[in-house]
Amino acid sequence: MTLLAVEDLHVSVPTGDGRLDLVDSVSYAVGEGRVFGIAGESGSGKTVSVLALMGLLPRGASVTGEARFAGDDLIAMRPSRLRKICGREIGLVFQDPMTSFHPMLSVGRQLTEHVRYHYGTSAQDARARAVALLDEVRIPDPEAALDRYPHEFSGGMRQRIAIASALVCEPRLLIADEPTTALDVTVQAGILRLLDRLRRDRALSVILITHDLGVMSAVADDLTVFYGGRIVEDGPAPEVLQAPRHPYTRALLDALPHPELERGSVLRGIPGPAAQPGHWPTGCVFHPRCDHAIEACRTEEPPTIVDGARRFACPVDPFRR
Amino acid sequence: MIEPGRPRSRAPWPFLRFLGRRLAALVVLALGITLIAFVLTQLVPGDPALSALGPVTSADPEAVAAYHEKWGMDKPLPVQYLTYLGNLLQGDLGISQLSHQPVLDDLRQTIPATAELAFLSMALAILVGVPLGIIAAIRQNRAADHTLRVVSLAGISMPTFWLALLALYVFFFRLNWFPGGGRLDPGVLPPDQITGMYTLDAVLQGQWSVARDALHHLVLPAIVLAAFNVSLIMRYTRSAILEVVNDDYVRAARAKGLPERSVVLRHVLRAALPSIVTVLGLVFANVLTGAVLVENIFSWPGVGQYAYQASIELDLPAIMGVSLFVAIVYITVNFVVDVLYGVIDPRLRLR
Amino acid sequence: MTTAPTPTPVVAPPVAQRRRRRGPEVLRRPLALIGLAIGLAWFVIAIAAPLIAPYDPLAQEFELFQPPSRDHLFGTDELGRDVFSRVIYGSRLSIPLALLLVALATLLGGVLGALAGYFRSWVDPVVMRCTDLVFAFPAIILAMVVTASLGPNIRNAVLAIVIVAWPAYARVVRGLVLSLGDSEFVQSSRLLGSSSRRALVRDILPNVAGPVVVLATLDLANAILLLAGLSFLGLGAQPPDPEWGSMVAVGTQYFQYWWMGTFPGLAIFSAVIAFNFLGDSLRDWLDPRGASRDRGRGAQTP
């Protein structure tokens, strides 16, 4: 069952003169109970594409396309109705737990205000629920934690609290935007295990955004790779990671420090700077950095090639088996 | 209990240290002011005893000698200054050359009149200025913001004394909605002094008609005095909000699906509050500045008038008294602002 | 107008796109334009006052208290003088004096602030405690006391306002010098053997100019207000000088003859708002994100 189906999503923002395209013709589907990974470098449009769904882009941003969430189009719906779905049906965890909490409001207040608003829950009930969730995300002494302030917790703890906050309304979809990037490696693993466990316990769908393919391989069921505001490849995560079909995915994997890699092999970074909005190259957006580019890549937009459950936007297909 | 708790004082000592530093600053400042005032007294020609005692008493050489003795005027300057400080510490600010009364008594009468005016005017300024600032910020770069910007610039460009004149002309002379000055109508007896603020005292004593009359006299000068501060508070509020409105936690509040109203009022405004509170010190200074001019026009017997008369007549003990009062107000306001920071922002409570 | 960039979370618009704009900066800022126009108009009026004013501002030759008419655009006052001519001549006092005292305050505050920021050691605390002392008073009360003890006339009023105004410059300049003094290019020029004085004059001062110009423009507005306020209280210009503040003061004594106070007040207001428009736009332009907007001591005025 598909919970969220995004179809032909375009996002652009106004600048001094003209508009700047951030996301271009993006389509994907998130299955119920699955972890859907979105990978890509910064500026690739991965965060913008989900913020757009939740109506969280700044004023003036234009969002077109379709995003059916449990049948309703998030993009076409009135903002007031979208707000009711956000927080209640869709929970969002931000990248940096140091900045995503209001510094002057208590943890308890920030964990309960949306439950109370969406469900009209009494203060006591909301508090009880928050305590249960804090316990579930392994915050010690949850009762006392509610009366404390965000700055009294470490980054890892805060991110657990942020996840609890996103889950307190029992959403069907959790969107986690680089939830571990700002954290220590040791803390990262804990957060990922937590996400995985919550997903199983609650039949939760998760969109996990990260630039780190190592993280992806640990938890993602499906994987889509963004580059230059477009999807360059997607499919079941193990297949994509085992045998990437797009040169960009390949390059990302090569740039990954890999424990299974034989000793002495050199880490390879991707040559050249990542494409940035406003400077999308013509043709295939990846061609200036691509080892396999041919003449056509410079001028023609690559078609999307479908192979079973896999899709990729590279007609050259240098890694075909 | 979901509301953020009252500030729990986890560490009382840092707070005491902070208090101590503030008090030390007050003492240093007060010393500086007394020194300046003392130097001024030396610059002004003539025998202060003569002007202080008035023409009748100063004819008596013994009274003049006693005055000289008390203020150490036959001794060298540093000793004179110390004598002066000693008298000051005993609450003796000297005798006003103008009223021939102890300066302390004069201040006791004039300060409440100004306080009444200042409090009402500040309340008005905050109640109008903060909401307008919020509107300007959330409508940034749109018509409402541009309009409010022009209005606020006009507000800080308007000479207070001119605004007072226009207000008097329209609302007293033409429309006769408000009285033309003074604290009470002629023939109305002031309430017994409790705080010295007529409106409050009358209410406390249940004298409703007096309270009404006092309030009636208070409204026009308070509005005139508020005009400048409305603009100032509006501008501070706007920029304070714009500084935090794109912060992550604001977006997080939206992502939680909270209605925009509560995102702005509970999250954004709360985060902007410390910067808005900062302006209060400035607002207080403006109220005192404006009071000099507004009290002059509205015949309001407050500290502003007193300071003005004292300056014109070079009544040095009175000038000193007012200066010390102003410095104490300044330090107190800054202290209150610092404490408010701690109340607003839990991160500062531990320091 | 305010050109705060659209807050996009992800991108800075490419430089090439940002540059492509039409016309000089000032044309896209209507407030700056209006402010400039009014300000220049007052300069011209001040210079050409004898040509513009229909009568001698001091001549007491008309019927008293005439309301505005074709002969007397702003009416006549309690001594039978033409209010319009007096307002025109008033610009000859307010505008140049405001310029003069802001220049003096900038010079005094700038030099002390630069010394404090550059040499630190004992200079810094002394200068800063002096600014604290001045800031402890509402501007007008201090100015009032100083003018009164020096003797009420316009020269002493100007002096008093300079005393009140310099600390703002000292603080701004000190702050900038402190932050610049640690910056790399100043350090490197020191390494290259520039003397302290040369470093101060050549490397630091040019970088301080922008914020000081903004402050000075806004301060021109405050200076006009404060000067008018002191004159209003009888501590500045003395009769029969046609000074705007003292004209309003006389107007308050005869406020049934509204024109006597209204027009001089309007003159103050227009001159002040001109510099406020200009200063505010200038600040926006130099600091588009508005980081320093409305910060610092801000305006303090009668």
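How far apart are the end C-alpha atoms of helix α13 (residues 316-344) of chain B, and what span should its 29 residues have? I will come to that helix in a moment, but let me first say what we are looking at. This is a predicted model, in which local features need pLDDT of at least 70 and side-chain atom pairs count only at pLDDT 80 or more, while totals for chains, interfaces and linings use all residues. Residues are numbered from 1 along each chain as its sequence is written, and chains are lettered from A and ligands numbered from 1 in the order in which they are written.

Now to the helix. The expected span of a helix is 1.5 Å times one less than its number of residues, so the 29 residues of α13(B) should span 42 Å, and this agrees with the 41 Å between the end C-alpha atoms. Several residues of α13(B) are buried, including B:Leu316, B:Phe325 and B:Tyr330. Here buried means that 20 or more other C-beta atoms lie within 10 Å of the residue's own, exposed means 12 or fewer, and partly exposed is in between, with C-beta atoms placed from the backbone.

Chain B as a whole has 13 helices and zero strands, and its C-alpha trace spans about 85 × 60 × 40 Å along the principal axes. Of its 351 residues, 43% are buried.

Let us turn to how chain B meets its neighbours, where two residues are in contact if their C-beta atoms, placed from the backbone, lie within 7 Å. The contact between chains C and B takes 47 residues from chain C and 49 residues from chain B. On the side of chain C that touches chain B, α11(C) gives the most, with 10 residues. With chain A, 31 residues of that chain are in contact with 21 residues of chain B, and α3(A) provides the largest share of the chain A side, seven residues.

What about the interior? Leaving aside neighbours within four places in sequence, C:Ile161 is in contact with C:Leu101, C:Ala143, C:Ala223, C:Leu226 and C:Leu227.

Chain A also has strands, and two strands pair if DSSP finds at least two bridges between them. Strand β1 (residues 2-14) and strand β2 (residues 19-31) of chain A pair in the antiparallel sense over nine bridges, and A:Leu9 stands opposite A:Val26 in β2(A).

Finally, some backbone angles deserve a second look. Most residues other than glycine have a negative phi, and most peptide bonds are trans. A:Asp8, however, has a positive phi near 55 degrees; this residue is in strand β1 of chain A, and A:Asp8 counts as exposed because 12 C-beta neighbours lie inside 10 Å. In chain C, the peptide bond from C:Pro239 to C:Pro240 is cis, with omega near 5 degrees, and C:Pro240 sits in the loop between α9 and α10 of chain C.

Terms used:
Helix = DSSP H or I, 4+ residues; strand = E, 2+ residues; numbered from the N terminus.
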